[in-house]
Amino acid sequence: MIKKLLLTSLCVASTSALADWQLNNELSRVSFVTIKNESVGEPNHFQRVSGNLTDDGQFTLSIDLASVETGIPIRNERFGEFLFETGTYPELRLSADLSEHLDTINSSNDSLVETSATLSLHGQDKVMPVTVLVSRKSNGDLLVSSWDPVIVHQQDFALTAGIDKLQELAGLPSITRAVPVNFVLSLNKQ
């Protein structure tokens with residue numbers, strides 16, 4: 001009986017020590033800026049993001065592309081239908097192997113982490129450099145934010161036809177073809 005109780009206690013303790021972090025959608029934001037007519041910047045963001053960081057350093061982020069919020073309902077619909085084509089490509093996925101940065105992530109100090117991440121968008125995959133600031137809270141939660149914007153180029157993700165269609169529908173002389181993306185991700189220790 002004592003052996004069984006001790007074994008159960010060890011299993012529970014080791015499980016909590018090796019817990020993952022889950023993304024908190026309410027306190028996380030992935031945002032991007034579009035520029036039309038060469039000088040009018042417009043902030044946009046996604047309302048539904050999810051993801052996790054495993055205790056062995058595997059990070060995944062998923063963005064529901066239909067949750068884009070541009071501030072204008074018809075533009076939200078057009079982004080989904082013509083740019084992201086959410087009927088075929090409903091989500092953006094990002095993954096990164098952070099296993100070599102676990103000591104830094106588990107440190108109590110704020111730290112910069114430079115890594116590569118695979119961005120999967122619109123049926124295309126691209127490995128991109130990413131630098132993030134990782135802040136560890138006293139309760140073990142993490143706050144991860146972009147140190148520099150990640151620049152997404154339309155030609156890397158087969159988005160040219162969608163941007164052309166948006167430009168045509170809005171009657172605009174131009175829409176930006178490279179978009180800076182920033183993020184703040186709150187990850188709760190499980």
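Student: At what angle do helix H2 and helix H4 pack?
Tutor: Keep in mind that this is a predicted model. In it, H2 (residues 73–83) packs against H4 (residues 160–170) at an angle of about 140 degrees, and their axes are 9 Å apart.

Student: Why give me both an angle and a distance?
Tutor: Because two packed helices are described by the angle between their axes and the distance between the axes.

Student: OK, and what do you call the way H2 and H4 are placed relative to each other?
Tutor: Oblique. An angle over 145 degrees would count as roughly antiparallel, and the pair packs at about 140 degrees, so H2 and H4 are oblique to each other.

Student: Is their crossing left-handed or right-handed?
Tutor: The crossing of H2 and H4 is right-handed.

Student: Which residues make the contact?
Tutor: From H2 you have Arg78, Phe79, Phe82 and Leu83. H4 brings in Gly162, Ile163, Lys165, Leu166, Leu169 and Ala170.

Student: How do those divide into nonpolar, polar and charged?
Tutor: Seven residues of the H2–H4 contact are nonpolar, one is polar and two are charged.

Student: Let's zoom out. How many helices and strands does the protein have?
Tutor: Four helices and twelve strands. The C-alpha atoms fill a box of roughly 75 × 30 × 25 Å along the principal axes.

Student: And what share of the residues is buried?
Tutor: Of the 190 residues in the protein, 40% are buried.

Student: Can we look at strand S8? Where does Leu119 stand, buried or exposed?
Tutor: Leu119 is found in S8, which covers residues 111–121. Its relative accessibility is 5%, so Leu119 counts as buried.

Student: What is Leu119 in contact with, beyond its sequence neighbours?
Tutor: Leaving aside residues within four places in sequence, the contacts of Leu119 include Leu92, Leu94, Met128, Val152 and Phe157. Take Phe157: it sits 38 residues from Leu119 along the chain, and their C-alpha atoms are separated by 9.4 Å.

Student: What about Ser111, buried or exposed?
Tutor: With 13% relative accessibility, Ser111 counts as buried. A polar atom of the Ser111 side chain lies 3.2 Å from the backbone oxygen of Asn109. Not counting residues up to four places away in sequence, Ser111 touches Thr104, Val132, Leu133 and Val134.

Student: Which side chain has a polar contact with Asn52?
Tutor: The side chain of Thr60, at 2.9 Å. Asn52 is in strand S4 (residues 49–53) and is buried, because its relative accessible area is 16%, and the cut-off for buried is under 20%. Among the other residues Asn52 touches are Asp20, Trp21 and Phe59.

Student: New topic: what's the phi of Glu38?
Tutor: It's near 65 degrees, which is a positive value in a residue other than glycine. Most residues other than glycine have a negative phi.

Student: Where is Glu38?
Tutor: Glu38 lies in the loop between strand S2 (29–36) and strand S3 (40–46). At 73% relative accessibility, Glu38 counts as exposed.

Student: And what's the phi of Glu85?
Tutor: Near 50 degrees, a positive value again. Glu85 is placed in the loop between H2 and strand S7 (91–97). Its relative accessibility is 32%, so Glu85 counts as partly exposed.

Note on methods
Residues numbered from 1 in each chain as written. Predicted model: local features only at pLDDT ≥ 70, side-chain atom pairs only at ≥ 80, totals over all residues. Heavy atoms only, no water. Axes fitted to C-alpha atoms, helices over the stretch in contact; angles between N-to-C directions. Helix = DSSP H or I, 4+ residues; strand = E, 2+ residues; numbered from the N terminus. Parallel < 35°, antiparallel > 145°, perpendicular 65-115°, else oblique. Left-handed = near helix turned anticlockwise from the far one by under 90°. Contact = heavy atoms within 4.5 Å. Nonpolar A, V, L, I, M, F, W, Y, C, P; charged D, E, K, R; others polar. Buried < 20%, exposed > 50% of the residue type's maximum accessible area, 1.4 Å probe, protein only. Polar contact = N/O pair within 3.5 Å; in protein donor to acceptor, adjacent residues only side chain to side chain.
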